[in-house]
Amino acid sequence: MAQTLTNQAREAVALANEEARSLGHEYVGTEHILLALTRDSSGTASKTLAALGISPENVRAEIEKLVRRGSNPVTIRTLPLTPRAMRAIDDATLEAAVFNEKCAGPEHLLLGLLNEGEGVACHVLINLGVTPAELRKEVFRVRLALMKIVERAVRPLPAGTPTKRKMREELLAHLSAIYQEELARLGDSSAAIRSAASRFGDPAALSTELQASLPAHEQLSYLAERLFAWRAPESIVYYALRQSLNTLCILITVFVVLFAGVWLRFGWFDNIWTFIRTLAAIAVITPPAQFVLTIATIKMRDSLWGVFGSRKSLAQTIWYDSLIALIFAVSLMAFAYAVRGSVDLENEPLKFAIIAGLVASVLFPLLVRLTGTNSIRDTQWALLDIEAAS
Amino acid sequence: MEPISGDKLRGHLELLILATLERGEAHGLEILRRLEVGGCGLLKLKEGSLYPALYRLEAAGHVAASWEREQHGRRGARGRIYRLTSKGQRVLERGRADWQTFVITLGGILATPA
């Protein structure tokens with residue numbers, strides 16, 4: 001755990017331990033971490049909380065209302081974390097990972113607490129008149145403002161997503177660093193954003209300069225992505241539909257050429273009907289299977305990380321995984337049926353279909369786990385509303 | 001003295017970046033800092049403009065970049081570290097020689113009032 005937290009976040013957890021002891025509690029719960037974050041010395045979490053009127057004093061008072069103060073002095077030095085507090089810390093690293101930050105800071109810890117809706121910390125906040133959603137928005141306010149400045153320069157570029165991702169991350173790292181400098185100098189976050197933006201330069205002018213620095217092959221990646229990748233802000237269903245139509249067109253074109261080639265070479269040979277049936281089966285079965293697979297894969301990603309309106313849920317993730325396995329097995333069986341004209345359930349195809357389904361149910365989650373944080377980040381950038389005033 | 005702004009720097013920025021990297025690898029913010037110190041604060045550059053120049057240098061193979069290693073307790077998004085390649089070193093030396101010739105030639109004409 002300790003390796004995945006920044007120094008400030010580790011300080012906050014240590015402070016939570018002290019707060020719990022001073023309240024006479026023999027455990028560190030989400031409420032103690034919240035209390036520690038209101039006093040976080042780096043200011044990243046405490047300033048956000050203070051902006052919504054949450055102070056160490058009123059959090060402590062609220063905790064004492066909800067949880068009775070222990071009567072005996074606590075003798076244990078390092079108190080155990082409650083399961084919720086542990087999950088909140090784990091979630092903090094996940095929140096950080098989504099933004100390509102390997103270590104979770106106090107602000108990620110705060111987001112982690114907000115994910116534990118039933119935790120005492122959330123009850124304290126609600127009793128103080130702040131909903132978790134409001135607090136989440138406040139945590140992201142500065143970050144979003146800086147991201148929008150970067151996105152105005154990067155989005156218009158005719159370049160592939162990996163190149164844009166590199167630029168977005170690097171430019172955001174720079175802009176965040178100068179924001180921190182300006183914040184230390186000016187003390188006010190809105191003034192610091194304005195000042196950092198002016199040091200950074202006009203996004204439109206930067207965009208023109210960046211475009212001139214792009215090599216020619218970026219144009220090709222851009223066009224390929226326009227055809228085959230998700231286009232913000234289209235819906236998942238529309239995207240999946242577009243994908244399967246693309247596949248259908250490609251398959252038909254390839255098969256017509258293939259068939260013409262075979263026919264010209266061999267003429268009307270004996271097994272030509274089997275050949276035609278095989279090609280037709282592939283063309284009919286693949287697009288609908290791909291439609292469901294595309295949706296299931298994206299929904300699996302969303303429920304694995306709990307993003308884009310999906311609740312974070314292992315059960316949901318497993319459900320989508322089973323759906324993927326099922327689609328693979330059913331498509332293969334359908335294919336076997338189409339080619340042979342009949343299907344014997346005790347025969348080879350069934351075994352093969354089950355194995356393929358099982359392999360898919362392992363490979364897909366693995367793929368989603370590997371590509372998830374990048375694709376979530378790309379999507380978050382692409383969905384930013386850069387027209388609205390920041 | 002008037003500060004030297006973006007327009008006048010155009011065309012020279014890449015060579016200046018190579019020169020700052022001769023002192024060792026650095027990320028964007030550090031390159032700007034070295035430019036500012038080296039130019040006695042007279043170089044006025046919009047900080048974002050550094051990156052198109054860096055990307056051009058990277059595409060040409062004059063600099064190489066790698067993502068910043070994660071450090072304990074570091075916060076914020078990751079930046080990239082740039083370093084001079086041997087090709088970049090040669091370009092810098094040639095650029096320097098060209099610049100010397102330019103300054104000596106024009107200096108000879110401009111420096112002496114009639």
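Which residues of helix α7 of chain A are buried? They are A:Ala121, A:Cys122, A:Val124 and A:Leu125. This is a predicted model.

**Helix α7 of chain A**

- Helix α7 spans residues 120-127 of chain A.
- Seen down the axis of α7(A), the buried residues fall within an arc of 155°, so they line one face of the helix.
- An α-helix has 3.6 residues a turn, so residues three or four places apart point the same way.

**Strand β3 of chain B**

- Strand β3 of chain B runs over residues 80-84. Four of its five residues are buried, so the strand counts as mostly covered, buried meaning under 20% relative accessible area.
- Strand β1 (residues 26-27) of chain B is joined to β3(B) by two bridges. These two strands run antiparallel.
- Strand β2 (residues 63-67) of chain B also pairs with β3(B). That pairing is antiparallel too, over five bridges.
- B:Ile81 of β3(B) has a bridge partner in B:His27, and another in B:Ser66.
- In a regular strand the side chains alternate between the two faces of the sheet.

- The size of an interface is often given as the accessible area lost when the parts come together. For chain B and chain A, about 2600 Å² is buried between them.
- Carbon and sulfur atoms account for 53% of that buried area.
- Chain A gives 30 residues to the contact, and chain B gives 26.
- Four salt bridges are counted between chain B and chain A. One of them links A:Lys166 with B:Glu58. The closest N and O atoms of this pair are 3.6 Å apart.
- Seven residue pairs are in polar contact between chain B and chain A, with both residues at pLDDT 80 or more.
- On the side of chain B that touches chain A, the elements giving two or more residues are α3 (28-38), α4 (50-59) and β3 of chain B.
- Of the elements on that side, α4(B) gives the most, with five residues.

Conventions: Residues are numbered from 1 along each chain as its sequence is written. Chains are lettered from A and ligands numbered from 1 in the order in which they are written. This is a predicted model: local features need pLDDT of at least 70, side-chain atom pairs count only at pLDDT 80 or more; totals for chains, interfaces and linings use all residues. Side-chain values use heavy atoms; hydrogens and water are left out. Buried means under 20% relative accessible area, exposed over 50%, partly exposed in between (1.4 Å probe, protein chains only). The arc is that of the directions from the helix axis to the C-beta atoms. Two strands pair if DSSP finds at least two bridges between them. Contact means heavy atoms within 4.5 Å. Buried area is the accessible area (1.4 Å probe) that two parts lose on being put together, summed over both. A salt bridge is a side-chain nitrogen of Lys or Arg within 4 Å of a carboxyl oxygen of Asp or Glu. A polar contact is a pair of N or O atoms within 3.5 Å; within protein, one must be able to donate a hydrogen and the other to accept it, and residues adjacent in sequence count only if both atoms are side-chain atoms.
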